[in-house]
Amino acid sequence: MNENHSDNQYGRARVQDTPELEAYYKELESLGAGALWTVANAIEPWEPRTTSIPMLWKYEDLRSLVLKSSELVTPEQAGRRVVYLVNDKRKEVSAAVGWLYTGIQVTRPGESTSAHRHRASALRFIMEGEGGYTVVDGNKIMLEVNDFVITPNSAWHEHGVEEGGKTCIWQDGLDIPLLNALEANDYAVLDGKQELIAPINYSPIAYGCAGLIPADKNWDKPYSPLFKYSWKSVYPALLEMQKVSEINSFDGIFMKYSNPLTGGHVMETMGASMQLLPAGFKGKAHQHTGSFVYQCAKGKGYSIIDGKRFDWKERDIFCVPSWAIHEHHNASETENACLFSFNDLPVMEKLGLYQERACIDNNGHQ
Ligand code: FE2
Ligand code: FE2
């Protein structure tokens, strides 16, 4: 079966305006109605279409402004002291790409946020600092650079940095724009701090070691019981995987953060991955549905997204919109590069909307 992607093809709207039709459209409009053929071509694209553009946010440009926020407002005043990153074409929904939000949060030693929860799921990727912690569902967890943390849909959470620690900066990722689009978001603040229900670091010790999980406990939540994925375990795992695995031609050594009980995504609406681009890696180009926000966790390289080159290094953040053609390259011939990313794939997959296509022109490159 041949597909014809021309708007002149029979079945696509091609009605010429006439005075009679224009009067007819006005009459429909006055009744809260309209003729489908006037909008059909716009609302039914031949292929997935994004309004987002690829963007790169350089950490060296933003870092001093992020730190400055800690002199201008307190966490109590701000609620959350965050500089958010917004896509030039998604400003009206405060999205970094598609329906995903991201921001950079700074917390100084001795500071903490109020305990709160929201229907939007959240995740964090630690960029710098020492002595940072999060408390999720009464579980206090210590955080280090390149650790990945989740605060799922409606889980109470608060964050802070211990006295004697060093100012912490982390990236937040949330599905706020998606939940607002679905008109399903909400927010609540707890009066006071959460009571701890387990010893510090219980979750990563109970669910993140040696493939073991507590045999005498049942976890009935729809998200991962492992709240923190430690870089101390993740990076060695990537290196071991490199020894035994074929390299994915698009994504290098490509690993998903998973719920250890199911092997599925860590949360219901957002997933996350860590990938290692070996020294000299030149990824091939592909496109797929789903929006992606990346942070370079290690090394340097560049990505070509819809024909435009974006050079990134450690801590830079960039986005790949849905269906954008993209390829990732490690710029070093001697050092590995690592890219953290989060995405809306759980939503795309559950709704049957995921599709992927390799680029075959120009030997697989743009
Ligand atoms: Fe939050
Ligand atoms: Fe991709």
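Here, a residue is called exposed when its relative accessible area is over 50%, and buried when that figure is under 20%. Keep those two words in mind for the close-ups below, which all come from a predicted model.

View 1. Helix α7 covers residues 231–244, so to speak a run of 14 residues. From its first C-alpha to its last it reaches 20 Å, close to the 20 Å expected at 1.5 Å a residue.

**View 2. The iron ion written as ligand 1.** Three histidines hold on to this iron ion: His116, His118 and His157, each through its NE2 atom, at 2.1 to 2.2 Å. Along the chain, the donors follow the spacing H-x1-H-x38-H. Histidine 116 belongs to strand β4 (residues 116–118) and histidine 157 to strand β8 (residues 157–174), so this pair ties together parts that are 41 residues apart in sequence. Both histidine 116 and histidine 157 are buried.

**View 3. The iron ion written as ligand 2.** Here the iron ion is coordinated by the NE2 atoms of His286, His288 and His326, at 2.1 to 2.2 Å. The spacing of these donors along the chain reads H-x1-H-x37-H. Because histidine 286 lies in strand β13 (residues 286–288) and histidine 326 in strand β18 (residues 326–330), the pair ties together parts that are 40 residues apart in sequence. Are these two histidines buried or exposed? Histidine 286 has 3% relative accessibility, so it counts as buried, and histidine 326, at 2%, counts as buried too.

**View 4. A closer look at histidine 326.** Zoom in on histidine 326 in strand β18. A polar atom of its side chain lies 2.9 Å from the backbone oxygen of alanine 324. Leaving aside neighbours within four places in sequence, histidine 326 is in contact with a list of residues including Lys284, Ala285, Ile304, Ile305, Val320 and Gln366. His286 and His288 are among its contacts as well.

**View 5. The largest nonpolar core.** This core has 51 residues, and those with the most contacts inside it are Ile104, Phe148, Tyr257, Met274 and Phe340. Strand β5 (residues 122–136) gives the most to it, with five residues. Pick out phenylalanine 148 and you'll find that it touches, among others, Leu123, Phe125, Phe227, Tyr229, Tyr257, Val266, Ala272 and Phe340, not counting residues up to four places away in sequence. Apart from this core lies another, of 14 residues, among them Phe292, Cys296, Trp312 and Leu339.

**View 6. Serine 30 in helix α1.** Serine 30 is part of helix α1, which covers residues 19–30. Is serine 30 buried or exposed? With 58% relative accessibility, it counts as exposed because that is over 50%. A polar atom of its side chain lies 2.6 Å from the backbone oxygen of glutamate 27.

Technical notes: Residues numbered from 1 in each chain as written. Chains lettered and ligands numbered in written order. Predicted model: local features only at pLDDT ≥ 70, side-chain atom pairs only at ≥ 80, totals over all residues. Heavy atoms only, no water. Helix = DSSP H or I, 4+ residues; strand = E, 2+ residues; numbered from the N terminus. Buried < 20%, exposed > 50% of the residue type's maximum accessible area, 1.4 Å probe, protein only. Polar contact = N/O pair within 3.5 Å; in protein donor to acceptor, adjacent residues only side chain to side chain. Donors = N, O, S within 2.8 Å, 3.2 Å for Na, K, Ca; no water. Core = buried A, V, L, I, M, F, W, Y, C linked by side-chain atoms within 4.5 Å. Contact = heavy atoms within 4.5 Å. Expected span 1.5 Å × (residues − 1).
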